[in-house]
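Here is a short note for a colleague who is new to this structure. Please look at the sequence and the model before reading the points.

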Amino acid sequence: MALEMMEQNCLICNHPHTVGINVLEKRICLKCEQEIVETDWNDPKYDEYVASLKKLWLGSQISYDK
Ligand SMILES: [Zn+2]
């Protein structure tokens, strides 16, 4: 069985990754996903993450329940 891993740039860190979660055609690597999860909501970095993600969510009709 061949697993085809497409390399894509992460939406957050902008580094190419073959694994990660895909949101529409964008990718968020596992490391960034982990960082988002672990970032405190009042950390300035969190705002950056949210802003990046919001751009995606606003551009789609996907609702994210979490
Ligand atoms: Zn990343």
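The points below go from the overall layout to single residues.

1. Confidence. This is a predicted model. The chain has a mean pLDDT of 79. Of its residues, 80% reach 70 or more. Helix α1 (residues 30-38) has the highest mean among the elements, at 88. Strand β3 (residues 21-23) has the lowest, at 74.

2. Layout. The chain has two helices and four strands.

3. Burial and contacts. The chain has 66 residues, and 11% of them are buried. Take the contacts between residues at least 6 apart in sequence: 14% of these join residues at least 24 apart.

4. The core. Which residues make up the largest nonpolar core? There are six: C10, L11, I12, I28, C29 and C32. C32 touches C10 and I12, and also C13, leaving aside residues up to four places away in sequence.

5. Strand β3 and I21. I21 is found in strand β3. Its contacts, not counting residues up to four places away in sequence, are I28 and E33. I28 is also one of the core residues named above. I21 and E33 are 12 residues apart in sequence, yet their C-alpha atoms are 8.0 Å apart in space. Is I21 buried, exposed or partly exposed? I21 counts as partly exposed because it has 13 C-beta neighbours inside 10 Å; a buried residue would need 20 or more.

6. The loop and N14. N14 is found in the loop between β1 (8-9) and β2 (16-17). N14 is exposed, because 9 other C-beta atoms lie within 10 Å, and the cut-off for exposed is 12 or fewer. Please check its backbone. The phi of N14 is near 65°, a positive value in a residue other than glycine. Most residues other than glycine have a negative phi.

7. Helix α2 and Y46. Y46 is found in helix α2 (residues 44-58). Not counting residues up to four places away in sequence, Y46 touches T39, D40 and W41. Y46 and I36 are 10 residues apart in sequence and 6.7 Å apart in space, C-alpha to C-alpha.

Terms used: Residues are numbered from 1 along each chain as its sequence is written. This is a predicted model: local features need pLDDT of at least 70, side-chain atom pairs count only at pLDDT 80 or more; totals for chains, interfaces and linings use all residues. Two residues are in contact if their C-beta atoms, placed from the backbone, lie within 7 Å. A nonpolar core is a set of buried Ala, Val, Leu, Ile, Met, Phe, Trp, Tyr and Cys residues joined through C-beta atoms within 7 Å. pLDDT is the predictor's confidence in each residue, from 0 to 100.
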